[in-house]
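User: I would like to learn how to read the salt bridges, the core and the helix packing of a model. Please take me through them step by step.

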Amino acid sequence: ITLPIISMSLRLILEVAAREYFDEIEDAEGAKKDTVYRDFLKIANEEMNKKNENYLSLTEGWLSSNNKFEARLAKYAHYNINYTIQDMLNDSCIVADILKFYFEK
């Protein structure tokens, strides 16, 4: 019963991060969009690719587009996918790298 809550929380965390990001860059329209986390993920993918940093191999997979991270997040939120604890841990690592990139001070 806890895996669905955790999986939905990953998307919610990114949704909040996306709104914060768009508020910080003073893009009120971007912050109000229903697809704000998708837009944020696209920007994050581009900006993180430009930086020459060492990320976990899971994040590197997402950055190289071999990983359908965004699709899994949508499926998690609607319970349309079978997943394991390891799937949750893997995706949590990607979320952590994104949050660290944008919000670590």
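This is a predicted model: local features need pLDDT of at least 70, side-chain atom pairs count only at pLDDT 80 or more; totals for chains, interfaces and linings use all residues.

User: Which residue forms a salt bridge with Lys 33?

Analyst: A salt bridge is a side-chain nitrogen of Lys or Arg within 4 Å of a carboxyl oxygen of Asp or Glu, and by this rule the count comes to 4 salt bridges. Lys 33 pairs with Asp 39, their closest N and O atoms lying 3.3 Å apart, and Asp 39 counts as buried at 18% relative accessibility.

User: Which parts of the chain does the pair of Glu 70 and Arg 38 link?

Analyst: Glu 70 and Arg 38 form a salt bridge with closest N and O atoms 3.1 Å apart. The pair links distant parts of the chain, with Glu 70 in helix H5 (residues 69-77) and Arg 38 in helix H3 (residues 36-50), 32 residues apart; helices here are DSSP runs of H or I with at least four residues, numbered from the N terminus. Both side chains belong to partly exposed residues, Glu 70 with a relative accessible area of 26% and Arg 38 with 33%.

User: How far apart are the closest N and O atoms of Arg 72 and Asp 91?

Analyst: In this salt bridge they are 2.5 Å apart. Arg 72 lies in helix H5 and Asp 91 in helix H6 (residues 85-103), so the pair ties together parts that are 19 residues apart in sequence. Asp 91 is buried, with a relative accessible area of 2%.

User: Is Glu 15 buried or exposed?

Analyst: Glu 15, in helix H1 (residues 2-24), counts as buried at 14% relative accessibility. Not counting residues up to four places away in sequence, Glu 15 touches Asp 34, Val 36 and Tyr 37, where contact means heavy atoms within 4.5 Å. Tyr 37, found in helix H3, is buried with a relative accessible area of 1%, and beyond its neighbours up to four places away its contacts include Arg 11, Leu 14, Glu 70 and Leu 73.

User: Which members of the largest nonpolar core touch the most other members?

Analyst: A nonpolar core is a set of buried Ala, Val, Leu, Ile, Met, Phe, Trp, Tyr and Cys residues joined through side-chain atoms within 4.5 Å. Of the 26 residues in the largest one, Leu 14, Phe 40, Leu 41, Trp 62, Phe 69, Leu 73 and Ile 98 touch the most other members. H1, H3, helix H4 (57-63), H5 and H6 each supply at least two residues of this core. Leaving aside neighbours within four places in sequence, Leu 41 is in contact with residues including Leu 14, Trp 62 and Ile 98.

User: At what angle do the axes of H5 and H6 cross?

Analyst: Two packed helices are described by the angle between their axes and the distance between the axes. The axes of H5 and H6 come within 12 Å and cross at roughly 115°; axes are lines fitted to C-alpha atoms, for helices over the stretch in contact, and angles run from 0 to 180 degrees between N-to-C directions. Phe 69, Arg 72 and Tyr 76 in H5 meet H6 residues including Asp 91 and Ile 98.

Definitions and conventions. Residues are numbered from 1 along each chain as its sequence is written. Side-chain values use heavy atoms; hydrogens and water are left out. Buried means under 20% relative accessible area, exposed over 50%, partly exposed in between (1.4 Å probe, protein chains only).
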